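Q: Hi! Could you walk me through this one before I start on my own figures?

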Amino acid sequence: MEHMHENHAGHEGHQGHEGHGSHQGHENHHEHAHGAGGPVSWGMAARATLHCLTGCAIGEVLGMIIGTALGWGNVQTMILAIVLAFFFGYALTLRGVLAAGVDLRTAIRVALAADTLSIAVMELIDNGVIALWPGAMDAHLSEPLFWIVLAIALAAAFVITTPVNKWMIGRGKGHAVVHRYHH
């Protein structure tokens, strides 16, 4: 049965929602159609995770470069890298939400709701791998060990965080919140 959103304000002819069957009242149809509160594909979860991973990777590498350039110790450098990972993770989300015409205060709330758990899990895994890998904390940016362990740590963070994002999106949380502003 094709469902074209007749009488659903603001969504006349909105393509891509065929096959959802009959919905009582239409109140939650728009959110359901985009994964919030319904089945979520692994592809959708992977894209959300990759979005967070991009911000985290930028922050991690920049933090390591700055900490190393300033001659900081491992703990200070790791703290800076984590702070910058959160900053860039949130910034990428803010950029997209602000582009949808949302005010800054709402955009900040959306970014915090969408990314906090995802970035926290990612940073825990990423930094845990780096901290536990023999010699990784003392490797310099010019050494292959630094880049190899960072790549492995980010890959592990991606693999472990993707199911977390799938679970959150399926419950209308995480990147499901951001998705509502991409129309």
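A: Happy to. This is a predicted model, where local features need pLDDT of at least 70, side-chain atom pairs count only at pLDDT 80 or more, and totals for chains, interfaces and linings use all residues. Residues are numbered from 1 along each chain as its sequence is written, and side-chain values use heavy atoms, with hydrogens and water left out.

Q: Great. How many helices and strands does the protein chain have?

A: There are six helices and zero strands in the protein chain, and along the sequence the pattern reads α-α-α-α-α-α. Both kinds of element are DSSP runs numbered from the N terminus (helices H or I, at least four residues; strands E, at least two).

Q: And what share of the residues counts as buried?

A: Of the 183 residues in the protein chain, 40% are buried. Buried means under 20% relative accessible area, exposed over 50%, and partly exposed in between, with a 1.4 Å probe and protein chains only.

Q: Let's do packing. How do the axes of α3 and α4 cross?

A: The axes of α3 (residues 74–99) and α4 come within 8 Å and cross at roughly 145°. Axes here are lines fitted to C-alpha atoms, for helices over the stretch in contact, and angles run from 0 to 180 degrees between N-to-C directions.

Q: Switching topic: which residues make the nonpolar surface patch?

A: Leu98, Leu104, Ile108 and Leu112 make a patch of about 330 Å². Helix α4 (residues 104–132) gives the most to this patch, with three residues. Patch members have over 30% relative accessible area and no salt bridge; nonpolar side chains (Val, Leu, Ile, Met, Phe, Trp, Tyr) are joined within 5 Å, like charges within 9 Å. A salt bridge is a side-chain nitrogen of Lys or Arg within 4 Å of a carboxyl oxygen of Asp or Glu.

Q: How exposed is leucine 104?

A: Leucine 104 is exposed, with a relative accessible area of 51%. Leucine 104 and leucine 94 are ten residues apart in sequence and 8.2 Å apart in space, C-alpha to C-alpha.

Q: And leucine 112?

A: Leucine 112, also in α4, is partly exposed at 42% relative accessible area.

Q: Moving on to α5, is asparagine 165 buried or exposed?

A: Asparagine 165 lies in α5 and counts as buried, because its relative accessibility is 1%. Its C-alpha atom is 9.5 Å from that of alanine 114, 51 residues away along the chain.

Q: What about valine 159?

A: Valine 159 is in helix α5 (residues 144–170) and is exposed, with a relative accessible area of 56%.

Key: Accessible areas come from the Shrake-Rupley method with a 1.4 Å probe; for residues, only the protein chains shown count as cover.
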